[in-house]
Every structure is written in C-alpha cells, then in structure tokens.
Amino acid sequence: MQELDRAGMGSVRVTRKGNNVVVLEKDLATEQMVLAMGPQHPSTHGVLKLECLTDGEVITEAVPYLGYLHRCFEKCCENVDYPAVVPYTDRLDYLAGMNSEFAYAIAVEKLLDVEIPRRVEFIRVIVAELNRIASHLVAIGTYGIDLGAFTPFLFCFRDREIILSLLEWASGARMLYNYIWVGGLAYDIPSDFNRRVKEFVDYFRPKTVELYKLLTENEIFVKRTRGIGIMPADVAINYGWSGPMLRGSGVKWDLRRNDPYSVYPELDFAVPVPDGKTSDVGDCLSRHLVRALEMEESLKIIEQCIDKMPSAEGFNPRSAVPKRVRPKAGEVYGRAENPRGELGFYIQSDGKSTKPLRCKARSSCFVNLSAMKDLSKGQLIPDLVAIIGSIDIVLGEVDR
Amino acid sequence: MILTPLSHISMPLLMGNSLNVWSEALVGFNPMGLPLGLVILAAIPLVFIALYSLTYGVYGERKISAFMQDRLGPMEVGKWGILQTIADILKLLQKEDIVPTSADKFLFVIGPGVLFVGSFLAYAVLPFSSAFIGASLNVGLFFAIGIVAIEVVGILAAGWGSNNKWSLYGAVRSVAQIVSYEIPAAIALLCGAMMAGTLDMQKITMLQSGSYGFAHFFLFQSPIAWLPFLIYFIASLAEVNRAPFDIPEAESELVAGYFTEYTGMKFAVIFLAEYGSMFMVSAIISIVFLGGWNSPLPDIGSFALNAWTNGPVWGVFWIIMKGFFFIFVQMWLRWTLPRLRVDQLMYLCWKVLTPFAFVSFVLTAIWVIYVP
C-alpha cells in the first residue's frame with residue numbers, strides 16, 4: 001500500500017495486485033465552489049452580493065460586491081441647493097431618515113453658523129431617538145428572521161408601526177420625512193404629540209422585556225450568536241467601525257457623548273457596552289445586545305426631552321431657516337450618531353453658489369461592511385448569515 | 001347488510017357498528033376477482049389526509065402563526081379565510097410548470113413524486129380506528145419507520161436534479177439530518193414496541209385500551225416512557241424538517257433548500273408531502289405512546305365515559321384530535337424558536353438524543369422484564 005500523487009487525480013491511496021494498480025481511496029478534498037450569495041438572497045438585506053468561496057459549508061473567502069443600489073447621491077447634491085439635499089439624505093439610510101437629516105442639518109448649520117431655537121433641538125432629538133428605536137427594531141427583528149425566528153420580527157414591526165405613525169403625524173411621511181430642515185424644522189409637532197409619545201414609551205417598556213425573553217435569552221439564539229464573528233476592539237477601530245458595531249467590541253464610543261451635538265450634553269443616558277458575561281465581547285450576540293439596550297436608553301432620552309422641552313408659545317419652527325443658503329467659502333465635516341454608526345457629511349462651499357461644491361457622505365454601513373472579508377473567513381454558511389445580520393446593513397446607505 | 005340490534009342505544013356505538021358492517025361489506029366487494037373494495041377502503045383515510053393536509057394543515061399553520069404574531073391571517077377568501085388554501089391551490093395549478101434548462105430533467109420530475117410516496121405510504125399501516133386500517137401488517141411499525149426513509153431519495157433527487165447550489169446544500173443537509181435522526185426515533189419507538197410486545201400498530205393500540213382511559217396509555221404505564229416519548233417527538237421534528245430543525249429549507253440561508261427551483265404543482269406536491277409527514281409522525285407518536293384511537297376519558301364510577309366515547313367512529317375522532325394536537329405543538333415550536341445550526345443539530349442527535357434513547361431502551365427493557 002503506498003501513496004501516489006498523480007496529475008489530475010490529487011493524492012490517491014493505491015495497492016498492487018499482481019501487475020495491476022488498484023486505487024483504494026481518492027483524496028476527496030478537492031475544488032472549492034464559488035457560491036454567489038445575492039444580490040437576490042433573503043438574508044443579504046437588500047441587494048448585497050457576497051461572492052463566497054466555499055469548501056463544503058465552510059467559507060474560505062467572502063467578498064462583498066456593492067453598487068446595485070447606487071443612486072449618485074453625491075453627484076445629485078452638487079446640482080441642488082443646500083436645503084434640497086435633505087430629501088436625498090432620507091434615502092440613504094431609509095430606516096432612519098430622521099437621523100440622516102439630523103446629521104446633514106448639523107453639517108450645514110456648522111458651515112452657516114446659525115443659532116437654532118432650543119425647542120427645535122428638543123424636537124429633533126425626540127424624533128431622531130424615536131427613529132433610532134424604529135431602526136433597531138427592524139435590525140433586531142430581521143436578525144431574528146436570519147436565525148429562523150419569525151415571530152419576534154412581527155412583534156418588532158407591530159411596535160415600529162406605532163413609531164412610524166407618530167412620525168407620520170409630525171412630518172406627513174412614514175419613512176422619507178424631509179422634516180429636519182437646515183436651521184429648523186418643516187413643522188412644529190402636533191399639540192398632542194408629546195402625550196402620545198409618552199404613551200408609547202410606557203407601552204414599549206414592557207415590550208422590550210418581552211422581546212428579551214423571546215429572543216435574546218433564547219437558548220438556541222444564544223447558541224447561534226455567542227462567540228460567532230468575534231471582532232477585537234483594535235481591529236474594529238482600524239476598520240473604522242462605529243456605532244453599535246464598535247460598542248459591541250467593547251469600545252465605549254458614542255458621538256452623542258464623545259462629540260456632543262444638539263442638546264445631548266444636557267441629557268442623562270448610558271452608553272451600553274457588553275460586559276463579557278452574557279456574551280463574548282465582540283461577537284454577534286454583543287452587537288445584538290448593544291442594540292437591545294440602546295432602545296431603552298433612547299426611551300430615557302425621549303422622556304427627558306419631553307420634560308425639558310420649552311413651550312410652544314410664540315414658536316416658529318422655521319424662524320432660523322435661512323431664506324437662501326449661501327455659505328462662505330470653506331469646508332466642514334458634520335457628523336451624528338446614527339442607529340448604524342457615525343454618519344458624516346463633508347461639505348465644501350465655494351462661497352458663491354447656493355449649491356454645495358462637494359458633498360461626501362461617510363456611511364457607517366459601508367465602513368462596517370468592509371470588515372466582511374475578515375469576519376467571514378472560516379465560518380459556516382449559517383454563521384455568515386448571522387454575521388451579516390449582526391452588521392445590520394442598509395444597502396441604501398452602503399451604495400448611496 | 002345486517003342491521004345492528006337496537007339494544008345499543010348510544011348513537012356513536014350505533015354508528016360505529018353499522019360502519020363496521022359497511023366496511024366489511026366493502027372488503028367483500030371483489031368485481032372480477034380484484035380486491036377493489038379493499039383498495040377503496042384503504043384509500044379513504046389517505047384521501048382524507050390528503051385533503052386535510054393540503055387545505056387545513058396550511059390554513060391552520062397560517063392562522064396559528066397569525067394569532068401568535070398579533071395578526072389575523074387569511075381573512076378574505078370565504079368566512080375567516082377558510083377557502084384561502086383552495087384559492088392558493090387553484091393558483092398553483094395555473095402556474096407554469098418550469099423545468100430549468102440545466103436541470104437533470106428525470107430526477108427533477110420524479111423527486112417530488114418519490115417524496116410524496118415516501119410520506120404517504122406510511123399511512124397504509126396507521127390504524128385510524130378499530131375498523132379503519134389500510135394494511136394491518138404484523139410489522140406495521142417497522143414498515144412505517146422504514147418507508148419514511150424513501151423520502152430521502154426524493155429529497156436528494158430534487159436537490160441534485162435542480163442543478164442549483166442552494167438546492168444541493170439543502171438536499172445534502174436534509175439527507176444527513178433525516179438519516180441521523182432515524183436512529184434515536186427508531187430506538188424510541190422500539191421502547192413502545194417493547195412495552196407492547198408487538199410491532200403491529202393495531203395491536204399496540206388495542207393493548208392501550210381499558211376503562212381507565214388515559215391511564216392505560218403507554219406514556220402513563222411506565223415511569224420512564226416519557227423519555228422515549230420526548231426523544232421521539234424531538235427526532236420527529238427533525239425528520240419532517242420542522243423548526244427548530246428546518247435547516248434543509250432554511251429560507252434565510254438556503255433560499256428554500258431543495259425545492260428552490262420548483263414551481264406550480266410540483267411545489268404543491270412537495271408541500272403536501274411535508275404536511276402529510278407532519279400528520280404521519282404525529283399519528284405514530286399518538287399510537288405508540290398515547291393510545292391511538294382509544295378514548296382518553298376514564299370511566300368514573302358508573303358513569304361509563306370511556307365506553308361511550310369508544311368505537312370505530314370515535315376512534316377516528318380521537319386519533320385525528322391527537323394528531324392535530326401534536327401538529328399544533330409542532331407549529332407552536334416553529335413560530336417560537338430560532339433555527340439550530342447544522343453542526344449543533346448533529347451534536348444534538350448523536351451526543352444527546354441517541355445516548356438517551358439507548359438509556360431509555362435499557363430502562364424500558366428492565367421495566368418490562370421485572371415489573372409485571
């Protein structure tokens with residue numbers, strides 16, 4: 001019995017019977033298969049394509065292919081006035097339109113150096129935090145679907161629906177709001193808005209516990225996510241991660257605290273990071289936990305904003321909205337903490353035009369997704385699905 | 001036809017006895033030497049189950065999932081959407097039957113057929129009542145365990161024949177899963193067979209009848225029977241690809257697993273087979289551990305509840321109710337639990353269920369030998 005290596009046959013085990021060579025066993029570790037996951041695949045959350053090299057069910061390499069949803073955001077911005085960019089920002093991260101608008105408004109207001117009425121700031125924070133909850137609900141719900149739990153998804157969407165109708169009440173639209181304008185708001189909130197938001201907060205608190213019991217503490221869910229796709233903090237920082245992804249790796253980095261904007265310095269809220277007890281720091285479960293805990297912090301923020309908000313007397317949401325936005329020549333980078341991480345707008349103005357010379361969006365999802373190659377190496381296909389789900393991408397923001 | 005004496009006033013009993021006579025007359029119906037009556041009789045439960053599984057299995061699944069998820073479910077077609085599945089079937093019938101150009105046409109076409117046959121052949125040996133059994137084999141249980149394995153061939157044919165990488169993954173996963181889980185399932189059923197001392201499904205059921213109702217069921221007859229009962233239930237979930245073991249058709253990973261490429265009626269046949277298997281494993285677990293067609297109600301003193309609720313027609317009622325109950329539990333689990341990973345599934349099978357199945361086997365043997 002001996003081992004031979006033959007051209008085209010790989011390594012084979014042979015034995016001799018008289019003059020004949022009998023092949024006993026062929027080496028079955030053969031070619032790798034290219035598996036195209038997406039752009040039409042249920043768990044790529046849109047039109048992401050992952051080209052995976054697979055050895056059986058083990059992924060040796062996964063390369064994300066982007067651009068299926070590219071809509072020339074940056075080129076569009078160069079051709080419209082500053083305020084007209086706001087509706088486009090809604091279409092970046094369409095699950096958190098308010099937050100995108102907020103980030104853009106911060107950038108342009110920095111460039112213009114305008115004073116914003118206090119009530120406007122509070123309303124902005126309330127709608128942004130409401131939208132953060134809605135966005136995290138989608139992230140958690142779809143993550144459940146990725147792992148095969150269908151029911152939490154519908155529970156999440158039931159609660160998200162209440163937020164969407166609240167935001168619709170304020171802005172007139174369910175997802176693409178165009179509510180936070182440069183220098184102010186499109187409208188004041190309806191007179192009963194705060195009471196209804198408070199009602200929602202009271203309704204939603206027990207629901208987070210329910211979600212916790214149904215999904216986060218589920219034995220199978222923990223088995224599927226704990227220790228999967230671990231990203232060490234230093235590598236995460238090198239990749240430029242931000243938001244719940246970075247916090248999931250144990251880095252306490254939240255722009256609302258570390259680079260405070262709006263009225264966040266006045267508010268009391270915690271920045272949840274995994275403690276390493278219920279999850280391994282940096283794994284899929286940590287990222288999920290950070291999102292789940294952040295929803296409760298957002299509820300706290302909303303309650304405080306409602307209490308601290310100045311009255312509507314003599315309030316004009318458009319009082320600081322400039323008639324014509326023509327900033328001085330210069331450049332600015334404004335950023336805000338979005339549900340998915342740091343969304344930043346880099347704007348250049350030539351000082352003559354009412355249109356931005358250049359408007360670059362720094363997308364959190366895009367940056368977070370760039371670590372896919374590292375995260376997916378040596379994982380199983382079901383784990384790859386768990387990892388993509390935990391990154392919580394919105395292709396609208398990845399491709400812009 | 002002989003009329004039953006009217007001394008049995010009780011309506012169910014009257015019905016039951018005349019049904020017996022009627023079925024015996026049908027068995028004797030042999031035109032041109034062909035046992036046509038027997039075939040018709042054997043086909044009745046099958047047709048019922050086929051109708052049930054297509055319409056009310058799917059409808060029940062949608063309604064139950066809807067109620068669990070704060071929804072209403074189908075509401076438009078008929079009252080409470082009762083006719084929704086019929087509308088769906090009509091739609092599927094009208095769909096174009098697509099065979100992908102690069103598919104292995106032969107395997108692609110026979111796949112669903114084999115799958116269907118595998119899941120429905122086991123119905124032949126299920127006793128639906130003391131008068132209703134397709135084929136009263138003396139190795140009925142063995143036949144039921146064995147014939148289900150044919151499903152694997154159908155799944156592999158469908159997955160391989162589709163010439164789609166996702167289908168192949170689904171098929172390979174499914175085969176590995178079903179073949180593995182047959183072992184704990186079969187050992188667990190063997191515990192029931194050991195308690196009965198026979199593999200004949202009808203005899204197993206009869207051994208569990210008595211005036212104390214549920215107290216005669218094998219589940220309650222021995223203190224260790226709950227272990228094989230639980231093992232078989234978990235293993236049966238894996239055998240019929242239900243959550244949390246639905247990894248062969250894990251829609252978020254493998255699109256739809258081995259039936260990704262199927263459309264129209266072929267898709268419906270695969271679906272029918274799935275719901276058929278669901279009822280089949282539920283019926284088997286009811287027969288082996290929960291008395292099959294026996295009434296679970298006990299006689300209380302002179303109040304002969306058990307006698308009143310037993311009989312051929314009541315038998316059909318009870319076994320179907322028991323089957324429905326387990327189907328409900330299956331759906332309940334499906335809409336609550338996430339999905340396991342392939343390696344975790346195999347771990348559960350080989351390192352948890354199989355050893356425990358052996359333990360329960362030995363304990364049951366000791367019980368059967370030493371405790372009368």
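Trainee: Which residues form the covered face of strand E11 of chain A?

Mentor: This is a predicted model, in which local features need pLDDT of at least 70, side-chain atom pairs count only at pLDDT 80 or more, and totals for chains, interfaces and linings use all residues. Residues are numbered from 1 along each chain as its sequence is written, with chains lettered from A and ligands numbered from 1 in the order in which they are written. Strand E11 spans residues 358-362 of chain A, and its uncovered face holds A:Arg358, A:Lys360 and A:Arg362; helices (H or I, at least four residues) and strands (E, at least two) are DSSP runs numbered from the N terminus. The covered face consists of A:Cys359 and A:Ala361.

Trainee: What is the bridge partner of A:Ile347 in E11(A)?

Mentor: Strand E10 (residues 341-349) of chain A pairs with E11(A) in the antiparallel sense over five bridges, where pairing requires that DSSP finds at least two bridges between two strands. In E11(A), A:Ile347 has as its bridge partner A:Cys359.

Trainee: Is A:Asp392 buried or exposed?

Mentor: A:Asp392 lies in the loop between helix H14 (381-391) and helix H15 (395-399) of chain A, and its phi is near 55°, a positive value in a residue other than glycine. A residue is buried if 20 or more other C-beta atoms, placed from the backbone, lie within 10 Å of its own, exposed if 12 or fewer, and partly exposed in between. Because A:Asp392 has 27 C-beta neighbours inside 10 Å, it counts as buried.

Trainee: Is B:Asp70 buried or exposed?

Mentor: B:Asp70 is placed in the loop between helix H2 (36-68) and helix H3 (84-94) of chain B. Its phi, near 60°, is positive in a residue other than glycine, whereas most residues other than glycine have a negative phi. Because 11 other C-beta atoms lie within 10 Å, B:Asp70 is exposed.

Trainee: How many nonpolar residues are on the side of chain A that touches chain B?

Mentor: The contact takes 26 residues from chain A and 22 residues from chain B, two residues being in contact if their C-beta atoms, placed from the backbone, lie within 7 Å. Elements giving two or more residues to the chain A side include strand E4 (33-37), helix H4 (118-146) and H14 of chain A. Ala, Val, Leu, Ile, Met, Phe, Trp, Tyr, Cys and Pro count as nonpolar, Asp, Glu, Lys and Arg as charged, and the others, Gly among them, as polar. By class, this side has six polar, five charged and 15 nonpolar residues.
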